[in-house]
Amino acid sequence: MIWGISLIFLSIIAVPSLLLSKKPNANELLEKIEPYQGWIGLVFCFWGLWGIISALLNMGWLSTAPIWWVTFLVGNLISAGLGFLLSSSLINKLLLSKNEAAKAKAAELREKIAPSQGKLGIVGIGVGAWMIVASFLFL
């Protein structure tokens with residue numbers, strides 16, 4: 001259930017226009033979170049990558065709980081993707097500042113994924129909600 005709640009939280013941060021259209025005073029909250037957005041994204045990027053590794057290491061779940069395994073994998077893929085999008089500038093500054101080739105590849109990857117950030121955020125909200133429901137159904 002924690003994975004689903006955190007994915008919804010991350011998705012809301014990634015899709016501020018959706019939140020602003022529903023609640024006009026949400027801009028104040030988003031402005032407070034904005035300085036920490038890169039760090040939040042970095043944590044979720046690594047957490048998503050760890051979840052992907054965990055899902056791949058637990059392939060045995062496919063025979064016992066295939067729906068939960070797919071949900072777990074998709075949720076972590078979205079978490080890693082949104083985390084990367086939110087933290088790409090911080091990653092470039094902290095990890096890739098000395099390697100120009102890696103910095104260019106990261107920028108190229110971000111340019112490919114960035115147009116779909118809104119869609120990925122909306123899907124993330126749906127998958128996060130499903131993860132919460134699935135945690136009650138399958139665990």
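Trp39, Phe46, Leu49, Leu94 and Leu95 together form a nonpolar patch on the surface of this predicted model, with about 520 Å² of accessible area between them. A patch of this kind is made of residues with over 30% relative accessible area and no salt bridge, where nonpolar side chains (Val, Leu, Ile, Met, Phe, Trp, Tyr) are joined within 5 Å and like charges within 9 Å; a salt bridge is a side-chain nitrogen of Lys or Arg within 4 Å of a carboxyl oxygen of Asp or Glu. Accessible areas come from the Shrake-Rupley method with a 1.4 Å probe, and for residues only the protein chains shown count as cover. Helix H4 (residues 37-57) gives the largest share of the patch, three residues, while Leu94 is found in helix H6 and is partly exposed, with a relative accessible area of 43%.

Residues are numbered from 1 along each chain as its sequence is written. Because the model is predicted, local features need pLDDT of at least 70 and side-chain atom pairs count only at pLDDT 80 or more, whereas totals for chains, interfaces and linings use all residues, and side-chain values use heavy atoms, with hydrogens and water left out.

Helix H6 (residues 66-94) bends by about 65° at Ser87, the bend being the angle between axes fitted to the seven residues ending there and the seven starting there. Of the 29 residues of H6, 21 are buried, so this helix is largely enclosed by the rest of the structure; buried means under 20% relative accessible area, exposed over 50%, and partly exposed in between (1.4 Å probe, protein chains only). Ser87 itself is buried, with a relative accessible area of 0%, and, not counting residues up to four places away in sequence, Ser87 touches Gly38, Gly41, Leu42 and Cys45, where contact means heavy atoms within 4.5 Å.

Leu120, which is found in helix H8 (residues 117-138), is in contact with Ile78, Gly81, Leu82 and Leu85, leaving aside its neighbours within four places in sequence. Leu120 and Ala14 are 106 residues apart in sequence, and their C-alpha atoms are 8.6 Å apart in space.

Taken as a whole, the protein has eight helices and zero strands, helices (H or I, at least four residues) and strands (E, at least two) being DSSP runs numbered from the N terminus. Of its 139 residues, 40% count as buried, and among contacts between residues at least 6 apart in sequence, 77% join residues at least 24 apart. The protein exposes about 8200 Å², of which carbon and sulfur atoms supply 70%.
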